[in-house]
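Dear colleague,

Please find the structure below, together with its sequence. A written account of the findings follows it.

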Amino acid sequence: MPKVSVIVPVYNCEKYIAECLDSALCQTLSDIEVICINDSSGDSSVSIIEEYMRDDSRIKLIHNECDKGQSYSRNRAIEIAQGEYIQFLDADDYFDSSLVEKMVSAMQRNHADIAICKSRGYDEKAKKEHQLAGALNLELLPEKEVFSKEDVPEYIFQLTAGWAWDKMYRAGFIREKNLRFQGTRVANDELFVDLSLGEAEAIVAVRDELVIHRTNVITSIEYTRERFWHCGYEMLAEEKKELESRGLFPMLKRSFVNRA
């Protein structure tokens with residue numbers, strides 16, 4: 001069994017997938033599997049992945065039957081992941097070579113359910129790096145190394161942005177708490193992320209920039225957010241319902257309202 005399962009949804013990402021895979025496969029801690037879920041790509045993404053597979057047995061390639069979307073791909077990969085920990089990686093992003101080692105070390109040292117790292121952006125149009133607003137708000141973090149909602153109930157959701165790719169999760173925690181990604185076209189990370197923050201008993205922050213997230217990518221789902229504005233509302237309505245059913249809403253109400 002690998003220590004970490006890296007989950008990569010794949011859809012028409014031929015321009016970036018090689019750099020993405022290189023960053024995952026060249027980690028200083030190599031005990032990983034990389035699960036690529038192909039969601040009916042029409043470009044050469046699959047051919048590129050298959051070429052990598054000939055040289056590295058750690059890669060698994062799974063095909064969806066039809067265009068199911070990023071959330072379906074991630075959920076499917078969670079079901080088959082063999083790693084003790086799960087890390088999500090978008091196909092147009094890439095890791096620092098020390099990410100897996102540093103995140104696993106923090107998780108093990110603190111018996112954590114979640115580790116969150118710092119990240120930075122890379123503007124695809126301007127071809128330069130930039131800060132990511134709200135990625136990890138260090139000024140809001142508790143002073144102690146490991147924490148939970150009990151320590152910051154009024155702003156637990158303000159500690160970090162609602163995306164999954166800068167976080168490592170204990171696989172058993174995801175399954176025990178029945179955490180899955182929502183099927184909205186955009187804004188489909190936040191329900192998973194916020195519920196995990198609410199359910200976790202031990203969260204740790206790694207204060208190193210370990211993920212580079214591409215912005216201004218025309219082919220990215222993120223680029224279509226304005227056309228699918230209603231997804232944000234649908235996500236928040238479902239999140240409120242889930243927080244209530246899990247008994248978390250009374251404690252986290254203020255943080256949820258501010259998130260909304």
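A residue is called buried here if its relative accessible area is under 20%, exposed if over 50%, and partly exposed in between (1.4 Å probe, protein chains only). On that basis, 56% of the 260 residues of the protein are buried. Please note that this is a predicted model, in which local features need pLDDT of at least 70 and side-chain atom pairs count only at pLDDT 80 or more, while totals for chains, interfaces and linings use all residues. Residues are numbered from 1 along each chain as its sequence is written, and side-chain values use heavy atoms, with hydrogens and water left out.

Overall form

The protein contains eight helices and 10 strands; these are DSSP runs numbered from the N terminus, with helices (H or I) of at least four residues and strands (E) of at least two. The C-alpha trace spans about 50 × 40 × 35 Å along its principal axes. The radius of gyration, taken over C-alpha atoms, is compared with a globule rule of 2.2 Å times the number of residues to the power 0.38. For 260 residues a compact globule would have a value near 18 Å, and the 17 Å of the protein agrees with this.

Contact means heavy atoms within 4.5 Å. Of the contacts between residues at least 6 apart in sequence, 79% join residues at least 24 apart. As to charge, there are 33 positive and 46 negative side chains, and the centres of the two sets lie 2 Å apart. Lys and Arg count as positive and Asp and Glu as negative, without His and the chain ends; each charge is placed at NZ of Lys, CZ of Arg, CG of Asp or CD of Glu.

The nonpolar cores

A nonpolar core is a set of buried Ala, Val, Leu, Ile, Met, Phe, Trp, Tyr and Cys residues joined through side-chain atoms within 4.5 Å. The largest one has 43 residues, and Val8, Ile17, Val34 and Cys36 have the most contacts inside it. Elements that each supply at least two residues of this core include β1 (4–10), α1 (17–25), β2 (32–38), α4 (99–110) and β10 (203–215). The largest share, six residues, comes from α4. Leaving aside neighbours within four places in sequence, Val34 is in contact with residues including Val6, Val8, Leu21, Leu25 and Ile59. Apart from this core lies another, of 39 residues, with Ile7, Ile78, Leu197 and Leu236 among them.

Helix α3 and Asn75

Helix α3 (residues 70–80) has as its buried residues Gln70, Ser71, Ser73, Arg74, Asn75, Ala77 and Ile78. Their cover includes β1, β2, β4 (85–88), α5 (171–176) and α6 (190–199). Asn75 counts as buried because its relative accessible area is 16%. Beyond its neighbours within four places in sequence, Asn75 is in contact with Arg180 and Phe181. Asn75 and Gln182 are 107 residues apart in sequence and 9.1 Å apart in space, C-alpha to C-alpha.

Two loop residues

His111, in the loop between α4 and β6, has a positive phi of about 50 degrees although it is not a glycine. His111 counts as exposed, at 70% relative accessibility. Asn178, in the loop between α5 and α6, likewise is a residue other than glycine with a positive phi, near 50 degrees. Asn178 is exposed, with a relative accessible area of 52%.

With kind regards
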